[in-house]
Amino acid sequence: MLSYQHIYHAGGPADVHKHAALCLLLEHLAAKTKPFSVIDLYAGEGRYDLTADRAQKTKEYDQGVARIWPAPAHPPLMQGYFNVLSGLNADGALRTYPGSPEIIRAFLRTDDHLTLNELHPSAYRTLRHWRTDDSRISIHKRDGLEALVGLVPPAIRRGLVFIDPSYEVKTEYTDLAAKLAHATAKWPQGIYALWYPILAEGRHRTLIENAAAQVEVEIFKSEIMLTRPNHSEADGPIGLLGTGLLVFNPPWQFDTAMTEAGIWLANALTAGSGRHTSAWLRRTKD
Ligand SMILES: C[S@@+](CC[C@H](N)C(=O)[O-])C[C@H]1O[C@@H](n2cnc3c(N)ncnc32)[C@H](O)[C@@H]1O
């Protein structure tokens with residue numbers, strides 16, 4: 001039984017981190033005229049109305065995108081992300097937050113292709129209504145882990161798989177590395193970006209260790225720790241300690257771009273108390 005609904009978390013700090021990285025990867029793919037394909041395995045609803053009751057209940061965007069919007073001074077390499085935000089919020093008031101499908105779609109050219117996958121019945125229904133008129137987009141309703149192996153390689157061999165699970169099933173932490181090892185063996189040229197939450201239980205460490213041991217392509221890690229200096233026990237559980245990304249087969253210079261963006265984001269999202277760290281888990285070239 002799937003209960004996770006992304007609208008409660010839309011535009012939160014984790015979204016900002018993963019979506020800034022997604023934009024950097026898409027900019028790289030769109031820099032060449034050759035077509036590219038993207039597979040978004042845990043697509044969600046497409047886009048989110050931040051004024052809706054469910055988004056207002058948690059207001060996670062207050063700790064995320066609202067802290068950097070409208071961002072009068074931001075590094076030029078964040079421009080792609082801000083262009084998507086401005087495209088949806090033209091009058092400057094932040095009402096709509098783009099999900100990964102909306103972000104990816106903003107970068108598609110005529111011959112590029114986007115494959116979306118979403119298993120939750122109601123999120124799938126919303127996603128199907130989101131862009132029914134775009135022939136560059138196909139939509140599946142499969143288990144994300146099964147689709148990770150089943151959908152690669154895509155017909156267009158330049159591209160990216162975006163993996164953003166809800167981690168409702170705790171075995172996802174252990175199963176992901178084996179599936180990634182299988183997928184990268186089937187499509188070794190593909191770029192794969194995997195998001196994970198950093199929680200007190202520390203399950204993400206198993207995921208990282210397994211990925212480094214089993215997936216035989218280059219792996220780059222970016223993490224933002226969301227230190228909250230004024231948090232007290234009375235405020236309740238602290239929840240998300242940080243947000244992490246593993247990028248498999250990162251494009252040339254993604255490491256420096258992501259590090260610059262991550263340092264800026266860690267500062268902007270936490271008023272200077274957070275921290276970005278990055279590292280290569282596996283490096284085969286200099
Ligand atoms: C973190 S949200 C995705 C957010 C989206 N990628 C974005 O950036 O806007 C995770 C999504 O995965 C879906 N989901 C959960 N379990 C799944 C599974 N086994 N296979 C595919 N989708 C699943 C959830 O319904 C939810 O919409």
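I'll walk you through the ligand in this predicted model and the pocket around it.

Ground rules: residues are numbered from 1 along each chain as its sequence is written. Local features need pLDDT of at least 70, side-chain atom pairs count only at pLDDT 80 or more, totals for chains, interfaces and linings use all residues, and side-chain values use heavy atoms, with hydrogens and water left out.

Okay, the ligand. It has 21 residues around it, and the closest are His-19, Tyr-42, Glu-118, Asp-143 and Gly-144; to be in that shell, a residue needs a heavy atom within 4 Å. By class, the shell comes out as seven nonpolar, nine polar and five charged. Here Ala, Val, Leu, Ile, Met, Phe, Trp, Tyr, Cys and Pro are nonpolar, Asp, Glu, Lys and Arg are charged, and the others, Gly among them, are polar.

Now the polar contacts, meaning N or O pairs within 3.5 Å. His-19 has a side-chain N or O atom 2.7 Å from a ligand oxygen. Glu-118 puts a polar side-chain atom 2.6 Å from a ligand oxygen, and for Ser-100 it's 2.9 Å to a ligand nitrogen. On its own, the ligand has 600 Å² of accessible area, and the protein covers 97% of that (Shrake-Rupley, 1.4 Å probe).

So where does the ligand sit? In the largest pocket, with more than half of its atoms within 2 Å of the grid points. A pocket here is an open set of points on a 1 Å grid over the protein atoms alone, where a 1.4 Å probe fits, with protein on both sides within 12 Å along at least five of seven lines; lining residues have an atom within 4 Å of a point. The lining has 19 nonpolar, 14 polar and 12 charged residues.

Methods. A polar contact is a pair of N or O atoms within 3.5 Å; within protein, one must be able to donate a hydrogen and the other to accept it, and residues adjacent in sequence count only if both atoms are side-chain atoms.
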